[in-house]
Amino acid sequence: MLAGAATEDHGDPRSSRGLWRDSFGHRGDDTAATRRQNDDMRSDDDLATLSAATIAVAGGRPPHEPDAPLNSPLTPASVFVAGGDREYGRYSNPSWEPFEEVLGRLEGGRALAFSSGLAVVAAIIDLVSPGEVVVAPRHAYLGTLQQLATKEQRGQLKVRMVDVSDTAAVLDACEDAALVWLESPTNPALEVADIPAVVDGAHEAGARVVVDNTFATPLLQRPLTLGADIVMHSATKYLAGHSDAVLGAAVTTDDATFAALDGQRRLLGSIPGTLETWLAVRGMRTLHLRVERAQQNARTLLPRLESHRAVDQVRYPGFGGIIAIEVRGGAPAADLLTRSTRLWVHATSLGGVESTFERRRRWQSEQATIPENLVRMSVGVEDVEDLWADLSRALDGLAHA
Ligand code: PLP
């Protein structure tokens with residue numbers, strides 16, 4: 001049996017292995033959480049036609065009944081009275097469900113919340129059978145690449161690195177692969193993949209496709225509608241959006257994949273905190289406003305950065321709120337920049353309301369092919385003229401240094 005039944009059953013780890021080749025037919029989609037989500041999907045079909053902005057605001061709310069709270073309350077509970085579906089706090093919690101419902105609707109599948117983005121990465125790549133091949137971006141979030149590298153060093157899988165923007169190279173690498181991992185845009189190089197072309201080629205070769213949609217958000221890109229098998233998020237970033245919660249999520253349209261990931265979450269114990277999912281729902285109520293404003297601000301800053309003499313190169317994928325610049329004067333100048341602003345915060349992570357930036361190679365584990373002077377900028381939702389005044393003053397200072 002696949003991990004997942006709502007009994008005192010921690011699942012059989014072996015049954016969820018080999019997912020990519022032979023586990024898609026497994027029974028196991030009758031868990032409490034799955035049944036509830038299915039019921040929700042059926043009961044309010046009317047929500048299905050709503051726009052993303054409305055889903056962000058109205059999704060996952062309790063029924064409109066007298067004295068009902070408008071939004072779902074926080075339910076800190078580790079145990080539930082027996083006789084129902086929930087049983088234990090590692091299996092389900094009502095506080096996870098509004099987040100999963102909103103994200104599932106936005107992405108066009110069913111969502112599962114995890115303790116972090118990297119917990120999702122671990123849960124997914126753990127399903128790759130021993131010795132199988134994973135095609136992965138040469139540039140991607142360093143934690144994802146480190147997980148893959150560690151598994152490869154232990155002989156658990158084989159990794160083929162590709163430039164995701166080189167579709168022909170990705171398709172060549174798909175042969176015999178079990179899984180194609182895409183990040184698009186990539187972190188921090190901002191390369192963009194042709195998702196439909198990669199999905200077609202990967203499926204033809206018998207491989208599944210996962211897209212890390214953290215940078216784009218479902219408002220700018222919906223990989224499941226392009227044929228991807230799983231979408232994942234570091235919900236820590238744009239979805240929660242306020243730099244106050246670490247959270248991850250996986251979304252899929254496939255029942256067996258959903259059941260396998262639910263089983264992984266229970267078995268590995270990589271469950272989200274109730275406060276974190278509650279905060280993320282609150283954050284997602286304004287996701288459309290924040291993403292739109294961040295993108296607008298980024299597009300305003302773009303030509304100004306391109307023409308500034310302290311900036312050698314600017315990368316922008318064409319959408320979203322993340323820009324990467326290469327600062328003239330190498331790593332020392334880039335470091336000086338990140339120390340010279342008042343409004344822009346020198347901090348890792350991204351996707352919050354606040355504008356943050358960092359030189360990525362300050363992390364030893366960052367890929368060596370990322371330039372030493374690359375500063376990844378997460379443009380926030382502040383007034384763009386205030387942002388530019390702060391940034392241009394710091395850049396002018398470099399030019400004169
Ligand atoms: N994926 C991307 C694209 C990221 O940028 C990050 C974190 O920066 C992760 C995954 C990992 O997510 P988390 O930090 O929530 O574990």
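Me: Two residues are in contact if their C-beta atoms, placed from the backbone, lie within 7 Å. Which strands does α13 lie across?

Reply: This is a predicted model. In it, α13 lies across β8 and β9 (322-327). The helix runs at about 15° to β9.

Me: How do you know how α13 and α15 are placed against each other?

Reply: Two packed helices are described by the angle between their axes and the distance between the axes. Here, the axes of α13 (residues 287-306) and α15 (residues 384-400) come within 10 Å. They cross at roughly 35°.

Me: What makes the contact between α13 and α15?

Reply: α13 brings N297, T300, L301 and R304. α15 brings V384, L387 and W388. By class, the contact has 4 nonpolar, 2 polar and 1 charged residues. R304 is part of the contact, and Arg counts as charged.

Me: Why is β1 called mostly covered?

Reply: A residue is buried if 20 or more other C-beta atoms lie within 10 Å of its own. In β1 (residues 110-114), 5 of 5 residues are buried. R110, L112 and F114 point one way, A111 and A113 the other way, and all are buried.

Me: How do you know that β1 and β7 pair?

Reply: Pairing needs at least two bridges. 5 bridges join β1 to β7 (residues 248-252), so the two strands pair. They run antiparallel. The bridge partner of A113 is A249 in β7.

Me: What makes β8 and β10 edge strands?

Reply: Their sheet is open and has 5 strands, in the order β8-β9-β12-β11-β10, with mixed pairing. β8 (311-315) and β10 (345-346) each have a single partner strand, so one side of each has no neighbour in the sheet.

Me: How do you know that β11 and β12 pair?

Reply: The cut-off is again at least two bridges. 4 bridges join β11 (residues 356-359) to β12 (residues 374-378), so they pair. These strands run antiparallel. F357 has M377 as its bridge partner in β12.

Me: What makes up the shell around the ligand?

Reply: 15 residues surround the ligand. The closest are S116, G117, L118, Y141 and S234. α6 (117-125) and α7 (142-153) each supply at least two shell residues. By class, the shell has 3 nonpolar, 10 polar and 2 charged residues.

Technical notes: Residues are numbered from 1 along each chain as its sequence is written. This is a predicted model: local features need pLDDT of at least 70, side-chain atom pairs count only at pLDDT 80 or more; totals for chains, interfaces and linings use all residues. A residue is near a molecule or strand if its C-beta atom, placed from the backbone, lies within 6 Å of it. Axes are lines fitted to C-alpha atoms, for helices over the stretch in contact, and angles run from 0 to 180 degrees between N-to-C directions. A residue is buried if 20 or more other C-beta atoms lie within 10 Å of its own, exposed if 12 or fewer, and partly exposed in between; C-beta atoms are placed from the backbone.
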